[in-house]
Amino acid sequence: MSWGTELWDQFDNLEKHTQWGIDVLEKYIKFVKERTEIEISYAKQLRNLSKKYQPKKNSKEEEEYKYTSCKSFLATLNEMNDYAGQHEVISENMTFQITAELTRFVQELKQERKSHFHDGRKAQQYIETSWKQLEASKRRFERDCKEADRAQQYFEKMDADINVTKADVEKARQQAQIRHQMADDSKAEYSSILQKFNHEQREHYHTQIPNIFQKIQEMEERRIVRLGECMKTYAEVDRQVIPIIGKCLDGITKAAESIDQKKDSQLVIEAFKSGFEPPGDIDFEDFTQPMKRTVSESSLSNSRWDGKSEPRPGSKSKGKLWPFIKKNKGGGPEDFSNLPPEQRRKKLQQKVDELNKDIQKEMDQRDALTKMKDVYIKNPQMGDAASVDHKLAELGQNMEKLRLEAQKFEGWLAEVEGRLPVRTEQTRRQSGMYDTQNTSAVNNCAQDRESPDGSYTEEPSQESEMKVPVTEFDDEFDDEEPLPTIGTCKALYTFEGQNEGTISVTEGEMLYVIEEDKGDGWTRIRRNEEEEGYVPTSYVEVYLDKNAKGAMTYI
């Protein structure tokens, strides 16, 4: 089966068919492009959807994600983000493996097709030219034969006429001979051209055209094979991401299975537990007796104390009706005394933790500036040591303020947890922890019998055991253990460590990082167990280990 033998006379139809084949390829390229655009758009919409429902930082919504159901939803959002990434992978792979490759192949195919049909047209034009030459030779031979016949007839007519002179007869005879000679020459030329044309025609239809059409057939078959390969690749690109998409879906399923309704119920208790006991029975007040009415401990009016006297230590809040009273709107006192005991303890603990973190940050900055000052003292050319004194003094003042603030909240926390004796209103005023406005606000709220979110001063119980908050930190240790490795670094330049505490490095050398830059411009590194010291941070490229505690990756 060959186009050269079977379709030797279908040059124009083959030209149209091969052009149609290229159009099919271009149509498929357009189809794949639109598919990639859909995948990109779908991935973008999935990412936007995941981002839209992510909890906002430092918001009440973020606090809700402590529940297992919300954690599961957050894991679903993260998995959907990864799911969107796989659709981006599909788009990228289809673009590079199908669209780009097939576009390049179509360009090559167009050039090859153009070359083959150019050769075919050239051969066709040559055989047509030979045919025209043959036709012209044939017509000339025919004309010369007719002229020779007419000349012969004229000669015979003159020779038979007795009135014609001998000279005229001789002239007619010579003219007839010339015409016969011309006819013979035309016959010979026609015969030669005919033989040549027949040879060229055999070459054209049995050699040249079959070879050209065979190349066109091979080109068309390559196009068909390439289209099939691209269709396989189209399916394979989708198949490659199926395992990862399956893992994303498995992650969503696992997250759903991790929901623990009992744990969520316990979290609700921890979040809203007030620490109060339910109100007891209200005593009957007999107004028929002439004696002075006695107000029961559990009555509603009993709660409207004026704030000048404290409840009895250890007494139970049996008569509190705060669950049914309107909540107080507005800011509460600094010590959160308007909250129920359990909620107040949580708020105070949270505040103490925040202050301790701030203190640690200030200490880190102080240590970094102290190191910088030591470096400046040993290397005056690197900077003025006196320039950091003001900042150190400012940090010291900030740390002292934060420590006092932390001690204040730790005291309140100890009071709530029963580690300190209950303070009277008078001692609170003397210590400066409450001002008159906050005190009156607490008393007024207590008189209004408001809810845990309103104002109720917690009644701590007394215990003989007291816990003293720790506020001092030891900066020096008797036995200093070697610092652990937190990453590696590469020396960008050569550094000569001539001063105490520094270490020399050469360009390109790889070393271990044992302490990152604290803001002083120096990084502590180690070459081996005995050689370690500081180098300028700008002289090295640091790669911190992500698994190292507190490590942050930066380059």
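Biologist: At what angle do helix 2 and helix 4 pack, and how far apart are their axes?

Modeller: Helix 2 (residues 11-52) and helix 4 pack at about 165 degrees, and their axes are 8 Å apart. Axes here are lines fitted to C-alpha atoms, for helices over the stretch in contact, with angles from 0 to 180 degrees between N-to-C directions. This is a predicted model, where local features need pLDDT of at least 70, side-chain atom pairs count only at pLDDT 80 or more, and totals for chains, interfaces and linings use all residues. Residues are numbered from 1 along each chain as its sequence is written, and side-chain values use heavy atoms, leaving out hydrogens and water.

Biologist: Are helix 2 and helix 4 roughly parallel or antiparallel to each other?

Modeller: Angles under 35 degrees count as roughly parallel, over 145 as roughly antiparallel, 65 to 115 as roughly perpendicular and the rest as oblique. Helix 2 and helix 4 are therefore roughly antiparallel.

Biologist: Nice! And how do helix 2 and helix 5 cross?

Modeller: Helix 2 and helix 5 (residues 166-257) cross at roughly 15 degrees, with axes that come within 11 Å, so this pair is roughly parallel.

Biologist: Where does Phe73 lie, and is Phe73 buried, partly exposed or exposed?

Modeller: Phe73 sits in helix 4, which covers residues 68-160. Its relative accessibility is 35%, so Phe73 counts as partly exposed (buried is under 20% relative accessible area, exposed over 50%, partly exposed in between, with a 1.4 Å probe and protein chains only).

Biologist: What about Lys273, where is that found?

Modeller: Look at the loop between helix 6 (261-272) and helix 7 (341-378). Lys273 is partly exposed too, at 46%. In sequence, Lys273 and Glu342 are 69 residues apart, yet their C-alpha atoms are 6.2 Å apart in space.

Terms used
Helices (H or I, at least four residues) and strands (E, at least two) are DSSP runs, numbered from the N terminus.
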